[in-house]
Amino acid sequence: ESPLASATAYRVTLTNRSGVMLDSLHLGLLVQHEIGSAGASYVATDTTRQMAIGYKPDNDDEPPYGYRIPPAFGLVVADSPAGADEAPVGMSAMRYFLNTTSGPMLDPSTPEGAFHTLAGRWADGTPMRQGGNGYGAQAGAVTTYAFAGDPVTGAFWSERNNDGSGSTSGPGQRRLIPSSGPVTLAPDASASWTLAVLFAQGDDY
């Protein structure tokens, strides 16, 4: 069965009532994907499909709350406002958060941290880099997409191969936030954002 058979779509429209021009607007949705058994979850980005992904880190989603067959969750940016070139900006960033008590990898707690997050940076303004957990002195290139590799084949950077040598990320809950921007929104103008939510499961990811 196609994953689209169980998909749902959501359209959000934002109207600027501030009376001033917004010239660096980013739209995003914070998601804590509780799928299957409680505890650890991994995240990924499929840039070709404009999709943020949540999945289980092993091949057996344990009962009593698990599915046994590993589940996966996808959040697709199906439509987005236009940017400076008048083309839809699409999913311009996909950040994730660790369920920790402090630090820049936690959910942002300030307006500045929220803006950095929506722009694909860490809450303290540090750029995200390919490799490891994406924070700090990683050797990879700067990116706005967390774990944009293939967790099935292990190609590129994923939580199942975060260093190119097969190292996996540590356990723990994740949250993710796909975002689109920047866009300009004049006073009383509106911008719409359409998201599709998909669920799938199979013998692998």
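Modeller: Two strands pair if DSSP finds at least two bridges between them, and strands (E, at least two residues) and helices (H or I, at least four) are DSSP runs numbered from the N terminus. The model is predicted, so that local features need pLDDT of at least 70 and side-chain atom pairs count only at pLDDT 80 or more, whereas totals for chains, interfaces and linings use all residues. Residues are numbered from 1 along each chain as its sequence is written, and side-chain values use heavy atoms, with hydrogens and water left out.

Colleague: How many bridges join S5 to S10?

Modeller: Both strands belong to an open sheet with the order S1-S10-S5-S4-S3 and antiparallel pairing. Within the pair, Gly74 stands opposite Leu198 in S10. S5 and S10 run antiparallel, and the number of bridges that join them is eight.

Colleague: Which are the edge strands of the open sheet of three strands?

Modeller: This sheet has antiparallel pairing and the order S2-S9-S6. S6 is joined to strand S9 (residues 174–185) by six bridges, and Arg95 stands opposite Ile177 in S9. The strands that pair on one side only, and hence form the edges, are strand S2 (22–28) and strand S6 (93–98).

Colleague: At about what angle to S2 does helix H1 run?

Modeller: Angles run from 0 to 180 degrees between N-to-C directions, with axes fitted as lines to C-alpha atoms, for helices over the stretch in contact. Helix H1 (residues 111–118) lies across S2, S6 and S9, and its direction relative to S2 is about 75 degrees.

Colleague: Which element gives the most to the largest nonpolar core?

Modeller: A nonpolar core is a set of buried Ala, Val, Leu, Ile, Met, Phe, Trp, Tyr and Cys residues joined through side-chain atoms within 4.5 Å, where buried means under 20% relative accessible area (1.4 Å probe, protein chains only), exposed over 50%, and partly exposed in between. The largest has 26 residues, and Leu75, Met94 and Tyr96 have the most contacts inside it. The elements that give two or more residues are S2, strand S5 (71–79), S6, S9 and strand S10 (190–201). With four residues, the element that gives the most is S10.

Colleague: Is Thr143 buried or exposed?

Modeller: Thr143 is found in strand S8 (residues 142–143), and it touches (heavy atoms within 4.5 Å) Gly120, Met128, Arg129, Gln130 and Trp157, not counting residues up to four places away in sequence. Because its relative accessible area is 11%, Thr143 is buried.
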